Each structure stands twice: as C-alpha cells, then as structure tokens.
Amino acid sequence: MSVQYPLAQVTASESLAPRLTFGEEVVKFIRTKPLGAAGALVVLAMLFVAVFAAALTRYDPYQGDYALQFARPSAEHWLGTDEFGRDLLTRIMYGARIALFVGFTASFSGCTLGALLGVLSAYWGGTVDLLLERLMDILLAFPQLILALAIASILGPAVQNVVVAIAIPVIPRVARVVRATALSVKEHQYVEAVQALGASRRRVVLQHIIPNIMAPYLIMLTAQLGAAILAEAALSYLGLGTAEPTPSWGLMLSGSASSYAEKAPWIALFPGIAISLGVFGFNLFGDSLRDALDPKLRRG
C-alpha cells in the first residue's frame, strides 16, 4: 500500500530578497551614502535655480546700470554688481542654465556615442574592433582639455561648439570602459545560448548586451558631468566658449574680473564658488553612485 505525501511547493520568488521600491532605494542611498546625498542635493539646488531663475530675481542678467558699477554686496544686490552694473547673483543664477545645459548635453552625447562604439567594438570584433580601438588610442593620446581647446578654437566661440568640443574627448574614455564590460557580457552562457537559438545580432545587442552595460554607462555619465561643467568654464575663461553678454560662470572670471580683483573681488569670488560647488556636487554624487551600482564596491 503506497502512501502519498504532499510535497511542499516553494516558489523561486519566495527564496529571493524582496525588490526595493524607488523610494526605498533613495532612502537606502541617503542612509548609506550621506556624501552622495549631499552631492545630489547640490545638483538639485542647481537645477532648481536654473529652472526658476526668472522667478527668483527681479533683475535682468543682460541689462546694466552704470550708476551701480562695482556696487558692494548689500540688501539690494546680495552679491554685488559687476563692471557694467549688472546684478551678480542674477547672472550666476542664469549662468547655472548654461553650465547645466552644456554639462548634460556634452556628457550625455559623448557618453552615449562612446557606449555605442564600445558595444560595437566588443561584439563585432575583428577588423571593426581593431580600427575603432586605434581611433580611440589616437583620441586618448591628447589630454582631454587640450583636445577640447583645439576643437573649440577650430569651431569658434558658441554654446553648440562648446558642447561638441567637450563631448568628443569623452567618447574614447567611455568606449574603453564599456568595451571591457561588453566583452565580459558577450562571453556569458545566456548570450551564447540565444545566439545558438538563432537570435539576430540586433536582438542580442539590444536585449542582452546593452542592458548589462548600463551600470558603467551611468557611472561614467555622472562622472563626466562635473568635468564637462569645469571644461565649459575653462573654455569660456579663455575666450573659446560663450561670448559676452551671455551669463557664463567661466566668462565672469575672465577679462575684467582679474583686472578688478583688488577693487571688486566679489566679481571673481562668487562665480568661482559656484563652479566649485557644481563640480564638487556632481563628483560626490558620481562617486557614491559608482559605489552603489558596482557590486564589487557595494556595501551596506
């Protein structure tokens, strides 16, 4: 006489850790990465100021008042005025728009193109990989800022030209990192399995390789944001970025700012602080995001 015993059925999902919601992930990030949270707060403050600059100030960033030249910081002009009598706080607020636009556009376009080239180089291999890698070696032979200066001097001073000049040096650095990750993903058994089942190259790249290189892509993207803002300020300072009367942080530091350093030090001091805070915030957030997304560095 056979006795049948009921078998306990346990689903696979019950043995796995519960998936955190977006809000829980944010709380965990703030708790485990307080410096990264501080950097994110600085970035959000920059975004807020850039978006609502017109509502936060009553002054025109372009219109000057020669009767108020070199006015000291006061209740009317919190950060003083420049050599044209323009409110410095207003120009710094509007300058956040230029910094963020150039930073986001240049880093996103450069990182995205670099990631695509890295995936293409890793997956196709052979001659394609050889030619792309040699091209990346040529671009990497030049320091990032020097290459940006050369491109900006050829294209001329304009916001769109600054974006191109900053984005091109980013491409080989991202391509190298993404290529190394894509080569590792390409050798996984599930990729070989879908290839054996007859999946097209397009499907393998879009559904299996690109989703698995998103972590290093996001890390490089956040890391390059601060560098792009600093590069835009450097190009504008050297006269190869935005031109007057555009309210650019780097442009505020050039020209008359150094000439009037003793007479009106606030003209150079406060834009310099804005650049430092922006770059510092993005770097803190990028480093913490790297620790959170990289399994080898993940803690807590």
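Helices are DSSP runs of H or I with at least four residues, numbered from the N terminus. The structure before you is a predicted model, in which local features need pLDDT of at least 70, side-chain atom pairs count only at pLDDT 80 or more, and totals for chains, interfaces and linings use all residues. Residues are numbered from 1 along each chain as its sequence is written, and side-chain values use heavy atoms, with hydrogens and water left out.

I begin with helices α6 and α8. From α6, Asp129, Glu133, Met136, Asp137, Leu139 and Leu140 meet Ile171, Pro172, Arg173, Ala175, Arg176 and Arg179 of α8. This contact divides into 6 nonpolar, no polar and 6 charged residues. Here Ala, Val, Leu, Ile, Met, Phe, Trp, Tyr, Cys and Pro count as nonpolar, Asp, Glu, Lys and Arg as charged, and the others, Gly among them, as polar.

Now the geometry. Two packed helices are described by the angle between their axes and the distance between the axes. Axes are lines fitted to C-alpha atoms, for helices over the stretch in contact, and angles run from 0 to 180 degrees between N-to-C directions. Helix α6 (residues 126-140) packs on α8 (residues 159-186) at about 135°, with the axes 9 Å apart. That makes α6 oblique to α8; angles under 35 degrees count as roughly parallel, over 145 as roughly antiparallel, 65 to 115 as roughly perpendicular and the rest as oblique. The crossing of α6 and α8 is left-handed, a term that applies if the near helix is turned anticlockwise from the far one by less than a right angle, with right-handed used if clockwise.

Next, α5 (residues 88-124) and α11 (residues 214-237), whose axes come within 8 Å and cross at roughly 135°. That makes α5 oblique to α11, and their crossing is right-handed. The contact includes Phe104 and Phe108 of α5, and Tyr217 and Glu232 of α11. By class, the contact of α5 with α11 has 13 nonpolar, 4 polar and 1 charged residues.

Phe29, Ile30, Arg31 and Thr32 of α2 meet Pro34, Gly36 and Ala37 of α3.

I turn to the second largest pocket. A pocket, on a 1 Å grid over the protein atoms alone, is an open set of points where a 1.4 Å probe fits, with protein on both sides within 12 Å along at least five of seven lines; lining residues have an atom within 4 Å of a point. Its volume, the space filled by probe spheres set on the points, which are joined across faces, edges and corners, is about 340 Å³. Of its 15 lining residues, Val49, Ile92, Trp249, Ala274 and Leu277 lie nearest the centre. Helices α3 (34-51), α5 and α14 (266-293) each supply at least two residues of the lining, and α14 gives the most, with 5. The lining comprises 14 nonpolar residues, 1 polar and no charged.

Finally, Thr246 is found in the loop between α11 and α12 (249-253). Not counting residues up to four places away in sequence, Thr246 touches Tyr62, Arg91, Ile98 and Leu251.

Conventions: Contact means heavy atoms within 4.5 Å.
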